[in-house]
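Q: Could you walk me through a few local features of this model, with the cut-offs spelled out as we go?

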Amino acid sequence: MTMFPKFSKKREGDNVVMEQKLLQNVNNLILNAETCTGCGICVEACPEEAIVLGLVGAARRGAIDYAAPIDVDEVKCSYCGVCVCMCPFNALTLKVDGEERLPIVEKEGFPQYDRTMTIDQEKCNRCTICEDVCPRDAIDRNVPEYEGTEEDGAKRQSALTSTTTFKVDDEKCTLCGICGELCQAIDVKHKAFSADSGKVEGEVLWDESKCDGCKVCVDMCPTEAITVERTVTANKMKGEVQIVNEDCCTCTWCSTNCPTEAITIDKLIEGEIEFHSEKCPGGCSTCVEICPANAIYLPAAKPAGEMAGAVEPTIAVNKDLCIKCGACVNACPGEDIIVLQRTGLKMKGKETDLFKRVRDKLFTKRTSKVKEDKPGEVGLKMLGNA
């Protein structure tokens with residue numbers, strides 16, 4: 001006799017798929033183990049306590065490939081979608097009968113992150129800085145190739161929007177053909193040579209679409225018969241640069257470094273973080289390697305004369321770039337080294353009682369903890385009550 005519900009869990013590439021099969025529908029909670037940072041927000045948000053932290057540091061550093069940074073109990077899970085709403089990295093997806101849905105949001109039972117991340121296309125000069133600094137590959141730079149590296153690629157001069165004028169002084173021009181030999185935009189056409197006139201006759205033809213205004217023809221003309229003038233009407237490259245919202249972690253690397261101040265980023269999570277580097281075990285760089293925002297770094301060594309008896313820090317964090325996700329706290333192999341206090345969540349939608357309970361848990365001060373209560377599971381050391 002078939003009994004419902006039925007539960008299963010399977011690994012499909014980078015995805016871990018949890019399934020709840022009911023009599024009339026099928027629910028799937030899908031975890032992308034590659035995207036998951038082990039921040040642990042879903043662990044604290046889960047109303048059924050169905051999610052636990054795994055070996056975050058080892059998983060994110062690639063030391064192990066058999067486990068994800070978190071583990072979901074497919075039987076305990078109610079497939080409510082709260083974890084999906086709260087994951088700042090979009091590592092979790094809920095499907096109902098194969099369709100991505102969040103019924104809890106549809107019924108106004110839980111809010112979602114209010115993601116504000118925009119690029120002012122008028123200010124943006126299509127440079128590459130935001131794409132280069134983004135730690136999450138969240139920049140979509142859709143700008144044509146101008147070096148001819150692609151088949152039928154745009155020519156470099158097409159990066160500029162300009163008008164070019166080409167004039168030949170017929171009285172000075174000898175129709176020598178040098179300009180035509182040098183440039184594909186110029187064609188010197190000679191009439192049939194005839195003893196009747198005994199002269200070279202013809203005309204100089206110019207194709208504006210092939211001219212880049214380089215003025216080589218002007219400089220090489222032996223009789224100074226050519227004049228080229230180019231008026232630039234727009235020096236902004238064609239195309240568009242956009243932020244892929246679902247991939248953006250709001251670290252502000254892009255907005256901080258944008259040379260035209262075209263990018264606006266509002267952080268999803270506010271708070272404070274402290275590093276007690278004097279407790280940090282020498283040689284460990286786990287937090288640096290797993291930080292999804294590239295906000296943690298190994299400080300450059302200072303000359304002994306500048307230390308004045310101080311202890312050189314082994315680890316540090318740029319608080320402006322930190323997103324307060326908590327991955328470093330979960331991965332740290334020491335105790336009381338990193339202290340995190342979240343103070344704000346940027347949400348949209350009705351703040352229900354369930355959300356308020358989740359928020360209180362997330363706002364509880366916590367720190368790194370060495371002890372594992374259960375093998376393969378990482379515990380958090382809470383410094384207060386939710």
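**Helix 12 and other features**

A: In helix 12 (residues 353–362), the buried residues are Leu-354, Phe-355, Val-358 and Leu-362, where buried means under 20% relative accessible area, exposed over 50% and partly exposed in between, with a 1.4 Å probe and protein chains only. This is a predicted model, in which local features need pLDDT of at least 70 and side-chain atom pairs count only at pLDDT 80 or more, while totals for chains, interfaces and linings use all residues. Residues are numbered from 1 along each chain as its sequence is written, and side-chain values use heavy atoms, with hydrogens and water left out.

Q: Why do the buried residues of helix 12 line one face?

A: Seen down the axis of helix 12, they fall within an arc of 95°, so they line one face of the helix; the arc is that of the directions from the helix axis to the C-beta atoms. An α-helix has 3.6 residues a turn, so residues three or four places apart point the same way.

Q: Which residues are exposed on the other side of helix 12?

A: Asp-353 and Arg-357 are exposed there. Helices (H or I, at least four residues) and strands (E, at least two) are DSSP runs, numbered from the N terminus.

Q: And what covers the buried side of helix 12?

A: The cover of its buried residues includes helix 1 (41–45), helix 3 (82–86), helix 4 (103–106), strand 20 (338–345), strand 21 (347–348) and strand 22 (366–367), with contact meaning heavy atoms within 4.5 Å.

Q: Changing topic, where does Phe-4 lie, and what does Phe-4 touch?

A: Phe-4 lies in the segment before strand 1 (6–12) and, not counting residues up to four places away in sequence, touches Lys-21, Leu-22 and Leu-23.
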